[in-house]
Amino acid sequence: LSETLEKALADALGPRAVTTEREAFAVNTRDWRGRYKGEARCMVQPTDTTSVSKAIRICAAHSAQVVPQGGNTGVCGGAIPDRTGKQVILNLARLNKVRSFDPIGNIATVEAGCILAEVRRRADEIDRIFPLDLGSEGSCQIGGNVASNAGGTGVLRYGNMRDLVLGLEVVLPDGRIWNGLRGLRKDNAGYDLKQLFIGSEGTLGVITAAAIKLFPKPRASATGFVALPSNQAALELFLRLRSVCGARLTAAELMSKRQLAAVCQHIDRAKSPIRTAAPWYLLAELNDTDPSADLRRMLESVLGKALEDGLVADGAVAASSREADAFWHLRHSVSEANVRSGRVVSHDTSVPIASVPQFIERAQSELSAAFRDDYALHFVGHMGDGNVHVVAIFPSTHNDSDLACAAATANTVVHDIAVSLGGSIAAEHGIGQSLRDQLLRYKDTVELDLMRGLKTWLDPAGMMNPGKVVLPNGGPRLT
Ligand SMILES: Cc1cc2nc3c(=O)[nH]c(=O)nc-3n(C[C@H](O)[C@H](O)[C@H](O)COP(=O)(O)OP(=O)(O)OC[C@H]3O[C@@H](n4cnc5c(N)ncnc54)[C@H](O)[C@@H]3O)c2cc1C
């Protein structure tokens, strides 16, 4: 029977929907950072929800495991098949229609394969914004954003993807289609099932469409880039901005000196707007829907007072939207700059906001004790979310096994610190395959049991993205 899987898929979905030549989908079997490489027997690209359902039923009948894949921009190997060459990649790129825009309800209903940047552009056309803001917006897809519960730079004001989803359409592992695409702001009629699939990383079903929240377009904005003497000063400046500017504060992005230097070294058109060298930098943005709001003055007033009080060493407020874009270019280029700097071991931890300085200090001192000079340490993150990425960059000469060894040590150091401060080992990127075993070290056994129970209930055959997030029967417990 298994020999006929590809034929059954091609018969049901059309020959163009199934790619069997491995070279033709080689790029879909590895991640963009080059950390994960798998094999797959074929790649399927359905163009509508019914075809996704058919594909899932056929794969189930052939006992073939399915790896859902969006834009393949994820950073924890969630969309990459294993090395057996037996799994099927279900790529959602062609399921990419915008079904509707509702400017009264402020809702867009879009299919999973819609590219984030395109959804944002379409929202802009009707004078709205979709506020999910990621450096990967040109490639990542709404389905991938939902499945990974993406965060990004707008979380402070608008929340993460979980906060932006009103309804979902999902193909379940048995092939049934659940139409939960209700665009209701209030709906307490039973369990909130969409929450199960948001952040499930392809392990519970295939998200085929989402009803997402739009917001009024800001008409006034101000963006500042400031140099800070310490990370404690960054926290204090953030608290001042939050208390003075309230909901107008839409971003507070932290960057260490070495991180900024790496961006300026490796990225075209990246230049710090500040001459003064400082250990820390914060990019802050204010937005308001009222065009007459004088946000520039508000920002300058908070920064001016902070300068007098010694919290800020130097700063620049963008004089034009072009200048603001140049500030954001520095922030959005971080991932690319880091990849060009060497071999990256990145962490996606969150801690309570008040503990950010302590977290950074401890990570700095414990990692330098573990690695001495054989690495560079960058910090970048979303100050207002307590989500600081600790990025250890090892020399390009490190081979895969050197890197795996270094990653194991760095992960344990950083995750232990985050968890000891009441934090999480996975703030916004998810678990995928990279943190699956780490999860066993840090999650409470009751929580793990509930997760395994949900997985087994929805996907008893274990066909959806196996080996990612949680293993139904446990797996190695790290000590
Ligand atoms: C330059 C850059 C910057 C980034 N910045 C951020 C950031 O600031 N914040 C952040 O949170 N992330 C960030 N990311 C990570 C990544 O872009 C996001 O996680 C994004 O949401 C992934 O979307 P994707 O379509 O590429 O999903 P993929 O990488 O294809 O998949 C991610 C996971 O979702 C599953 N999946 C994908 N589509 C579906 C579907 N339709 N149904 C079910 N499961 C599915 C996959 O199996 C996989 O487990 C960044 C990545 C890059 C390259």
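Trainee: What should I know before I start reading?

Mentor: This is a predicted model, in which local features need pLDDT of at least 70 and side-chain atom pairs count only at pLDDT 80 or more, while totals for chains, interfaces and linings use all residues. Residues are numbered from 1 along each chain as its sequence is written, and side-chain values use heavy atoms, with hydrogens and water left out.

Trainee: How many disulfides does a search of the whole structure find?

Mentor: A disulfide is a covalent bond between the sulfur atoms of two cysteines. Here the term is applied to a pair of cysteine sulfur atoms within 2.5 Å. The search of the whole structure finds 0. Cys 42 is in no disulfide, and the nearest cysteine sulfur, that of Cys 59, is 6.8 Å away. For Cys 76, the closest cysteine sulfur is in Cys 140, at 13 Å, which is too far for a bond.

Trainee: Is Cys 76 buried or exposed?

Mentor: Buried means under 20% relative accessible area, exposed over 50%, and partly exposed in between (1.4 Å probe, protein chains only). Cys 76 has 5%, so it is buried. Cys 42, with 0%, is buried.

Trainee: At what angle do the axes of helix α8 and helix α13 cross?

Mentor: Helices (H or I, at least four residues) and strands (E, at least two) are DSSP runs, numbered from the N terminus. Axes are lines fitted to C-alpha atoms, for helices over the stretch in contact, and angles run from 0 to 180 degrees between N-to-C directions. The axes of α8 (residues 231-245) and α13 (residues 356-371) come within 9 Å and cross at roughly 160°. Angles under 35 degrees count as roughly parallel, over 145 as roughly antiparallel, 65 to 115 as roughly perpendicular and the rest as oblique. α8 and α13 are therefore roughly antiparallel. Their contact (heavy atoms within 4.5 Å) involves Asn 231, Gln 232 and Leu 235 of α8 with Pro 357, Ile 360 and Glu 361 of α13.

Trainee: How are α9 and α12 placed relative to each other?

Mentor: The axes of α9 (residues 257-266) and α12 (residues 334-341) come within 9 Å and cross at roughly 80°, so the two helices are roughly perpendicular.

Trainee: Which phi does Asn 149 have?

Mentor: Most residues other than glycine have a negative phi. Asn 149 has a positive phi of about 45°. Asn 149 sits in the loop between α4 (142-147) and α5 (155-158) and, at 12% relative accessibility, counts as buried. Arg 269 also has a positive phi, of about 60°. Arg 269 lies in the loop between α9 and β14 (280-288) and is exposed, at 69%.
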